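Open the model in your viewer and keep the selection tool handy. We will walk through pockets and then a helix.

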Amino acid sequence: APSRAAVTVTLNALERALRAGDGPAAALLAAPRAGDVAARIGALADNAGSLRLAGLRVGAGEPGADPGWLTVALRWRVPGVDPGPLTSTLRVRLVGEGPAARLAALEVDGQAPLWLQGPVTVARARDVVVVAAAGGADARVLLDEAEAAARTVRRVLPGWTPRLAVEAPADAASYAAVLGVQPGERAADAAVTTTLGDPATSRSVRVVLNPDVYAAQGRRGEQVVLA
């Protein structure tokens, strides 16, 4: 296993790459022959740049329950949507000696927002952000629907301050991962409104679309669901 100093160097480099939105620099932190990890962390950095994440910090890493794995706290927020920082938990495995420690595996523990799962497309207005998994729904179309839904809600609740984030997974497994539930749970819902982070304290709200049900509603049905 790498030394603590080597782990610190690598995690600090990962933080810099994520904060800069530098996918190629992040990919270079993957272990040799770990092409899937290189693609994954490269996509994470690209996503962080597209979302213009603020307050992004990568923790020092603590030994996990499984030998060779570290638990890393990742702090971040989407400006204009998240009133405070969020914490996602990563499980990582590093290999190598000296300063050459590299990421050999990376997993998300608990809720996995789409930007931590793989490549996404992002569409935004002033107070609405849509994150869509690559190969899934059109983020621009969803942004139009989300803005219309926000206008509908404001007509009913004039005092509401919109902070709307919509996540559009491409498949059922990704949908379950965003919610942090077992595959098959909430499968009948067209969408779920949930918090990211501790539900007792978090004010960061996401509307997560179920791709198997939402798209079957038709355009007017989709509008009703979002509102």
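Start by selecting α4, which with three residues gives the most to the lining of the second largest pocket. This is a predicted model, where local features need pLDDT of at least 70, side-chain atom pairs count only at pLDDT 80 or more, and totals for chains, interfaces and linings use all residues. Residues are numbered from 1 along each chain as its sequence is written, and side-chain values use heavy atoms, leaving out hydrogens and water.

A pocket here is an open set of 1 Å grid points where a 1.4 Å probe fits, with protein on both sides within 12 Å along at least five of seven lines; lining residues have an atom within 4 Å of a point. Helices are DSSP runs of H or I (at least four residues) and strands runs of E (at least two), numbered from the N terminus.

Next, select A137, L142, L209, Y214 and A215, which lie nearest the centre of this second largest pocket among its 15 lining residues. Its volume is about 150 Å³, the space filled by probe spheres set on grid points joined across faces, edges and corners.

Now move to the largest pocket, of about 330 Å³. Of its 19 lining residues, W160, L164, T193, V205 and V207 are the closest to the centre.

Finish on α7: G221, E222 and L226 are buried (under 20% relative accessible area, 1.4 Å probe, protein chains only). On the face turned away from the buried side, find R220 and V224, which are exposed (over 50%).
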